[in-house]
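The report below looks at charged side chains that pair with one another. Please keep the sequence and the structure in view while reading.

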Amino acid sequence: MLTITFLKFIIIKKCYKYTFLSKKEKKVPKTKVTVIDIGSKSVRVLIANSGGVNSLSVAGYAECDYAGYYEGEFLEEEKLQDVFSKVLLSAQSVANASVDKVYVGVPANFSLCRTKTLTQNFGQRVRILDDDVTQLYTMADDLKNEDYVLISVSPIEFQLDDGTITTYPVGKKSNKLTATVSLIYAEKNFIEKIKNNKKKSGVASVEYLSSPLCECLYLLPKERRAEGAIVIDCGYIETAVCVAKGDGLVDLKSFAVGGGHVSADLMECLNITFDEAEQLRKQLVLSVNASDADDYEITRNNSLVPISMKQANEITYARIEMIASLVERCVKNGDETMPYYLTGGGLSYTKGAKEVLANYLGKNITLLYPKDLHLNKPHYSALLGMAEYVINQVEKQNKSFISKLIDKFIKR
């Protein structure tokens, strides 16, 4: 049975009829977007407006657990329609708003990441415009593969004719512009499945985003991305490893192991049910040097049952070290000096898991949380990242007519 959970937020509506507004308050109408995060355990929908404490405010949210996906295939695919319909309707009900367009995040498991270097020669020294950068991007896609479709072109860095490296070349002068860009493709098979469910859910339009890219852009400050960073998003049955640099991804890999496998190990090794193993996983404290006399306790038939802390921790250590070894294999395009970060719901909530991961990799690892006050949990990272990314893109496209004229006629 599908379980729908809601997060309802109090929306304070101000009446400005007889209020003098400050310049700060006189803003353009809010941008409203609807994003869908397809996780390996849950499908989450967020309806958000621009503005708020950070860059967005939550209007509606809903989530629905489902069977997930494994190695590029949805499990219980026949139930996807029900999942999408119920979670979309629930979010609209909370927001008291209808949705005709949604942005769907493509998980790492259904993605392909490539980098490419492009050069545009101007023939003379000119001032670089936005249109010059856009022209470079149009030259980027050359993947001749019928199984994938390009969903993202983003800059890693730019180089001017004097060798200067920059993340933002607009306004600078050069006789040529070289860009290293990140290209992210989605599996056409994934897009076809989402399209089929879109039609049945009453949504008129769908656009696709790279969920890992949006997450990295949201969680990491621009200064950190300029130097490069490695983000590990460990989910329930999938872990994504992103090498982020500039405004793009240098590399993106994933493997089908996550926090849910810890529960499966506990179930099998301790001869308990999966629900009991999930109970136990929430109690784990891996930083404790447990003795034979120390126990966790799980509830069974309204009674407390002791479970050896030492044994449970050792089982968990082994799984986390396996995850760490797979992360190590994924990071081949990362610089040795790049810092490591952890997010997602798979390991972030297990006390001491970050340290076990760090010890195996020989790296310091920082836990990343979303900036939103209501959804400041690691498993919301991708969802909020997509919402902020879309709002930024929509508002960038909605520049005033005067601004566009200035861009067009600025002296080169």
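## Salt bridges in the predicted model

The side chains of Lys79 and Glu76 are joined by a salt bridge, with N and O 3.3 Å apart; the term stands for a side-chain nitrogen of Lys or Arg within 4 Å of a carboxyl oxygen of Asp or Glu. Lys79 is partly exposed at 41% relative accessibility, and Glu76 is partly exposed with a relative accessible area of 41%, where buried means under 20% relative accessible area, exposed over 50%, and partly exposed in between (1.4 Å probe, protein chains only).

This is a predicted model, in which local features need pLDDT of at least 70 and side-chain atom pairs count only at pLDDT 80 or more, while totals for chains, interfaces and linings use all residues. Residues are numbered from 1 along each chain as its sequence is written, and side-chain values use heavy atoms, with hydrogens and water left out.

By the salt-bridge rule, the count comes to 18, including the pairs in this table.

| Pair | N to O distance |
|---|---|
| Lys79 and Glu76 | 3.3 Å |
| Lys354 and Glu355 | 3.2 Å |
| Arg125 and Asp161 | 3.0 Å |

The salt bridge between Arg125 and Asp161 links distant parts of the chain, since Arg125 lies in strand β8 (residues 111-127) and Asp161 in the loop between β9 (148-159) and β10 (165-166), 36 residues apart; strands are DSSP runs (E, at least two residues) numbered from the N terminus. Asp161 is partly exposed, at 26% relative accessibility.

In the pair of Lys354 and Glu355, Lys354 is partly exposed at 24% relative accessibility, and Glu355 is also partly exposed, with a relative accessible area of 39%.

Definitions and conventions: Helices (H or I, at least four residues) and strands (E, at least two) are DSSP runs, numbered from the N terminus.
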